[in-house]
Amino acid sequence: MDMHAIRNFCIIAHIDHGKSTLADRMLELTGTVSSRDLKAQTLDQMDLEQERGITIKLAPVRMRWKEYTLHLIDTPGHVDFTYEVSRSLAAVEGAILLVDATQGVQAQTIANLYLAIEQDLTIIPVLNKIDLPAADVERTKDELVELLGCDRDEVLAVSGKTGEGVAALLDAVVERVPEPKEAASGEGLRALIFDSIYDDYRGVNVYVRVVDGTVQSGDKLTFFATGATIEAAEVGSFNPKLYATDILGPGQIGYIVTGLKDIRRARVGDTVTSAKHHAGAALAGYKEVRPMVYAGVFPKNSNETESLREAIGKLQLNDAALIAEPEQSQALGVGFRCGFLGLLHLDVFRERLIREHAIDVVVTVPSVAYQVSRTSQTDRGDTEIIRSPQGLPDPSYIMRIEEPWVKMDIVTPEQYVGGLMQLCQEYRGTYRTTEYLGGGAEGQRRTLLRYELPLAKVLVDFYDRLKSASAGYASMNYEIIGYRDAAVRKLDIIVAGEPEESLATIVYEDEAQQVGRRIVARLKDAIPRHQFEVRIQAALGGKIVASERIAPLRKDVTAKLYGGDVTRKKELLEKQKKGKKAMRATGRVDLPPEAYVAVLKR
């Protein structure tokens with residue numbers, strides 16, 4: 001295929017700005033999918049995506065427009081799936097920056113734009129949903145012009161619902177997006193793996209962007225990073241389902257069926273080359289993503305541990321941001337400590353385990369990764385990453401604890417700025433700048449607030465509070481900016497005088513009492529009554545910051561008495577009292593799994 005007739009591009013936008021709907025109109029207009037087979041969000045092929053109405057996985061498709069071949073990659077919009085967007089951008093030459101004409105530029109719009117600029121892509125600004133009565137095309141166009149520094153006539157207006165302006169947009173893609181670069185001479189085959197899936201019958205299928213050379217079925221191939229050698233069982237393109245072709249050439253996006261059963265031998269970001277004519281150097285690949293949110297994942301049925309291990313491995317194949325390592329809990333058994341990019345990422349992971357692998361799990365309360373510097377004779381100490389309270393060393397060995405901080409961008413109408421600034425300060429935020437997007441009347445202008453906050457505070461309920469404080473109009477995006485000193489301690493939970501390590505948590509010192517009261521209150525409701533009094537305590541070091549008491553079960557030992565001297569009654573009650581005291585000193589409380597779940601579950 002002539003490289004001059006190829007255009008590779010993706011659609012980037014804030015969540016719910018209409019990326020998948022616009023992709024539907026493109027599929028319909030180019031005849032890639034017949035009207036009979038077309039459905040809403042055709043490229044969102046997971047049931048979970050269809051039900052939630054969001055894009056979770058990137059989705060490539062090949063289209064024909066006039067005499068050109070267009071390779072489109074639809075991308076997610078949520079901040080938790082930014083890594084999917086960055087991988088897509090590395091496989092294309094251009095990006096459609098889509099903005100909802102009723103909402104204007106949002107936080108994730110700006111974040112995705114910066115990602116595209118870092119990849120040096122051609123940006124095509126587009127307004128969507130112009131058919132809606134609430135669409136303010138001129139104001140939104142002003143915001144885009146100010147954001148990009150482009151001319152007003154460069155901003156296109158379309159309706160992903162009605163198809164208005166979509167043909168002109170496809171023409172603009174052909175005109176503005178550059179063709180793929182010429183192959184490097186003498187390098188041979190080099191193809192970048194930007195995604196992959198696992199097929200029970202055909203093994204690992206890798207999604208590739210061919211940079212140099214060609215690949216066809218039957219070719220002997222090698223992976224640079226893992227050294228695995230395979231024979232390509234099939235190559236093809238996306239139509240949008242897998243469609244076998246004879247060959248994939250330079251500039252094309254397609255898939256290779258590897259037949260690999262070991263999912264660890266095909267990594268996202270690796271380079272595929274010919275086994276016979278090995279390329280001299282691998283492609284740049286992707287920078288390694290670092291999950292910052294960690295949670296314990298345990299099977300509800302203890303017999304499913306091995307099934308859970310296999311299921312997580314298969315999900316890791318096409319979710320490069322997911323990490324997992326074995327973990328054991330006193331009450332929940334053997335499971336995994338998993339790392340995620342955010343809470344939605346965690347929710348989707350749990351849902352996919354249930355739907356795709358029929359494994360129900362218990363997920364413990366999410367926490368962030370802390371950086372702990374130990375004391376030493378040189379006062380420099382050793383630094384380690386702590387992902388759970390159990391890994392925190394004794395306080396006497398800790399020189400410094402640091403927590404991850406994020407740079408937060410909040411886009412909101414001007415009238416809600418005061419309430420949002422108060423909210424950020426309440427969540428330990430540090431103010432940076434205020435900027436205005438486009439024009440507008442006083443009090444009605446759209447404002448960009450920039451703050452820096454601890455990631456641990458963002459995870460709790462910040463998004464819900466943000467929406468409440470702005471009547472639903474504000475949007476946010478954040479990215480990790482590094483570690484800073486944190487005044488945090490390990491909060492121990494003591495039940496009947498015995499510390500319960502599995503229930504320990506890391507808290508800010510000034511919030512320890514509040515968190516401790518919440519935990520002991522939950523445990524009081526979850527632990528059954530015993531023959532002796534059970535005390536539940538939350539301790540910060542040697543100081544008790546919260547406590548609850550579960551009253552003992554009490555048998556009426558005087559029931560058989562009637563009449564007579566009251567002395568006998570007193571003797572029986574005193575004997576019972578001594579027995580309860582002895583049991584309290586020696587008795588042990590075995591917490592039921594329901595008690596752990598009540599505290600640890602999200």
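## Strands β10 and β11

In this predicted model, strand β10, covering residues 220-223, runs antiparallel to β11 and is joined to that strand by three bridges. Within this pairing, Thr-222 has Thr-229 of β11 as its bridge partner.

## The eight-stranded sheet

β10 and β11 belong to an open sheet of eight strands with antiparallel pairing, ordered β11-β10-β16-β7-β8-β15-β12-β13. Its edge strands are β11 (229-231) and β13 (242-244), each of which pairs on one side only. On average, neighbouring strands in this sheet are turned by 40° against each other, with direction ignored.

## The six-stranded sheet

Another open sheet has six strands and mixed pairing, in the order β2-β3-β1-β4-β5-β6. The edge positions are taken by β2 (59-65) and β6 (156-157); each has a single partner strand, so one side of each lacks a neighbour in the sheet.

At the β6 end, β5 (residues 122-128) runs parallel to β6, and two bridges join the pair. The bridge partner of Leu-127 is Ala-157 in β6.

Helix α1 lies across β1 (6-13), β2, β3 (68-74) and β4 (94-100), and runs at about 150° to β1. Helix α5, formed by residues 137-148, lies across β4 and β5 and runs at about 165° to β5. β4 therefore has both α1 and α5 lying across it, by the contact cut-off of heavy atoms within 4.5 Å.

## Arg-25 in helix α1

Arg-25 is part of helix α1, which spans residues 19-29. Its relative accessibility is 15%, and because buried means under 20%, Arg-25 counts as buried. The side chains of Arg-25 and Glu-28 are joined by a polar contact of 3.0 Å.

Leaving aside residues up to four places away in sequence, Arg-25 touches Leu-38, Val-166 and the residues Ser-159, Gly-160, Lys-161, Thr-162 and Gly-163.

## The α7-α8 crossing

Helix α7 (residues 305-317) and helix α8 (residues 343-357) have axes that come within 11 Å and cross at roughly 110°. The range from 65 to 115 degrees counts as roughly perpendicular, and α7 and α8 are therefore roughly perpendicular to each other. Their crossing is right-handed.

On the α7 side, the residues that meet α8 are Leu-308, Ala-311, Ile-312, Lys-314 and Leu-315. Their counterparts in α8 are Phe-349, Arg-352, Leu-353, Glu-356 and His-357.

Terms used
Residues are numbered from 1 along each chain as its sequence is written. This is a predicted model: local features need pLDDT of at least 70, side-chain atom pairs count only at pLDDT 80 or more; totals for chains, interfaces and linings use all residues. Side-chain values use heavy atoms; hydrogens and water are left out. Two strands pair if DSSP finds at least two bridges between them. Helices (H or I, at least four residues) and strands (E, at least two) are DSSP runs, numbered from the N terminus. Axes are lines fitted to C-alpha atoms, for helices over the stretch in contact, and angles run from 0 to 180 degrees between N-to-C directions. Buried means under 20% relative accessible area, exposed over 50%, partly exposed in between (1.4 Å probe, protein chains only). A polar contact is a pair of N or O atoms within 3.5 Å; within protein, one must be able to donate a hydrogen and the other to accept it, and residues adjacent in sequence count only if both atoms are side-chain atoms. Angles under 35 degrees count as roughly parallel, over 145 as roughly antiparallel, 65 to 115 as roughly perpendicular and the rest as oblique. A crossing is left-handed if the near helix is turned anticlockwise from the far one by less than a right angle, and right-handed if clockwise.
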